[in-house]
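Open the model in your viewer and keep the sequence panel beside it. This tour goes from one selection to the next and says what is there.

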Amino acid sequence: MTSINEQQVPVASPVIGEAEIDAVVQVLRSGNVVQGPEVAAFEECFSALVDGRICVAVNSGTSALHLLLLALGIGRGDEVVVPSFSFAASANAVRLTGADVVFADIEPDGFGLDPAAVEAAITPRTAAIMPVHLYGHPAAMDRLTPIAERRGLAVVEDACQAHTAALHGKPVGAFGAGGAFSFYPTKNMHALEGGMVTTADPELARTVRLLRNQGMEQRYANEIVGANMRMTDVSAAVGRVQLGRLAAWTERRRANAAYLDDHITAPAVTVPPVAEGARHVYHQYTVRIRGDRDAAMARLTGAGIGNAVYYPTPIHRLKPYWEPDQKAGRTWDLPETDKAADEVVSLPVHPSLTEGDLERVVTAVNALGENP
Ligand SMILES: *Cc1c(COP(=O)(O)O)cnc(C)c1O
């Protein structure tokens with residue numbers, strides 16, 4: 001029954017261990033399952049990862065982005081500059097506020113927003129820039145932040161894949177007006193589901209807290225219109241256990257990536273670039289394949305190596321985006337985004353990999369040779 005799984009090296013492997021189960025049982029026995037002391041403790045602990053910024057826990061990474069944008073006052077008539085080479089949640093959070101998404105291209109030698117493209121995308125309606133720290137590699141914050149400052153724009157960091165990634169020693173989620181993290185099971189750490197808003201601004205944090213809870217600080221004394229985007233104490237308890245494991249797991253991811261970097265030699269394969277001063281936390285280990293990617297993926301799968309494309313369709317080519325653009329006669333020229341979407345493949349890098357697994361990944365990848 002397990003023979004197939006034994007042969008496969010999976011591309012992701014979320015952990016739900018005994019400690020997580022014990023923590024959940026404890027919360028259930030306490031009877032205090034909704035947003036309570038575990039959520040407060042999780043927020044407090046997470047703050048250490050983002051230079052002591054204020055943390056507000058919510059029910060998903062998408063909610064974290066959405067509430068941050070709302071709290072910044074972004075809505076109808078505003079534009080937010082977003083990379084199209086990301087998970088749809090980045091752009092969805094903008095559209096859910098009523099604001100318009102303006103797509104900017106990524107850098108040719110990486111997967112993050114290209115500062116020159118961002119500069120060119122700014123209009124009088126631009127309210128914010130949303131860099132995405134894709135795959136766990138920090139976006140070019142050292143070049144994006146000055147643009148935002150000069151143009152008077154907010155920076156909202158999508159750090160959903162990048163827990164403890166950093167640039168020149170500064171952690172992601174500590175650069176912009178606010179940062180958003182996800183605790184979905186496949187992320188570097190999880191809370192079953194969940195998200196975190198990080199900010200240095202106490203007023204912004206207070207608004208996010210109001211928005212996540214029907215606009216209430218005092219019960220039934222609603223101050224603004226809000227939603228229910230609270231994290232449960234069950235999730236927070238899991239998140240706290242996982243937070244305790246994150247440093248060791250991240251070092252394993254980085255060590256696994258270093259091994260792959262050192263041993264992958266197939267000319268058809270380009271290993272993930274790392275910018276100067278960047279701490280990459282390898283949510284994904286994403287290579288580019290020259291030649292026939294489908295054939296390469298089929299060969300990897302045949303060799304029992306899990307692999308996946310994140311993301312095969314750039315956001316601007318997804319129906320909820322191209323359809324209104326088409327109606328408005330708007331087109332995007334994003335050659336680097338389209339190129340990346342055609343070339344990328346993510347390989348197993350997660351902390352559960354054994355040395356034997358890594359050797360099998362390398363053997364299968366190097367067998368691709370010059371051109372799959
Ligand atoms: C996972 C993810 C999100 C959304 O997080 P959820 O917790 O799934 O809502 C947003 N942006 C990126 C880049 C992500 O990878």
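Start with helix α2, residues 18-30, and pick out V25 within that helix. This is a predicted model. Is V25 buried, exposed or partly exposed? V25 has 33% relative accessibility, so it counts as partly exposed.

**The seven-stranded sheet**

Read across in the order β1-β9-β8-β5-β4-β2-β3; the pairing is mixed. The edge strands are β1 (54-58) and β3 (100-104), and each pairs on one side only. From one strand to the next, the twist averages 25°.

Zoom in on β5 (residues 154-158) and β8 (residues 178-182). These two strands pair in the parallel sense, over three bridges. Select D158 and look across to β8: A180 stands opposite.

Then select helix α3, residues 37-46, which lies across β1, β8 and β9 (195-199). Helix α3 runs at about 135° to β1.

**The three-stranded sheet**

Move on to the open sheet of three strands. Which order do its strands take? The order is β10-β12-β13, and the pairing is antiparallel. Here the edge strands are β10 (269-270) and β13 (344-347), each pairing on one side only.

Select β12, residues 285-289. Four bridges join β12 to β13, and the two run antiparallel. Check two positions along this pair. Y285 stands opposite L347 in β13. V287 has V345 as its bridge partner in β13.

Turn to β10. Two bridges join β10 to β12, again in the antiparallel sense. T270 stands opposite R288 in β12.

Stay with β12 and show its side chains. In a regular strand, side chains alternate between the two faces of the sheet. On one side of β12 are Y285, V287 and I289. On the other are T286 and R288. Both faces are covered, and these residues are all buried. Why is β12 described as largely enclosed by the rest of the structure? Five of the five residues of β12 are buried, so the strand is largely enclosed. For this step, buried means under 20% relative accessible area.

Definitions and conventions. Residues numbered from 1 in each chain as written. Predicted model: local features only at pLDDT ≥ 70, side-chain atom pairs only at ≥ 80, totals over all residues. Heavy atoms only, no water. Pairing = 2+ DSSP bridges. Axes fitted to C-alpha atoms, helices over the stretch in contact; angles between N-to-C directions. Contact = heavy atoms within 4.5 Å. Buried < 20%, exposed > 50% of the residue type's maximum accessible area, 1.4 Å probe, protein only.
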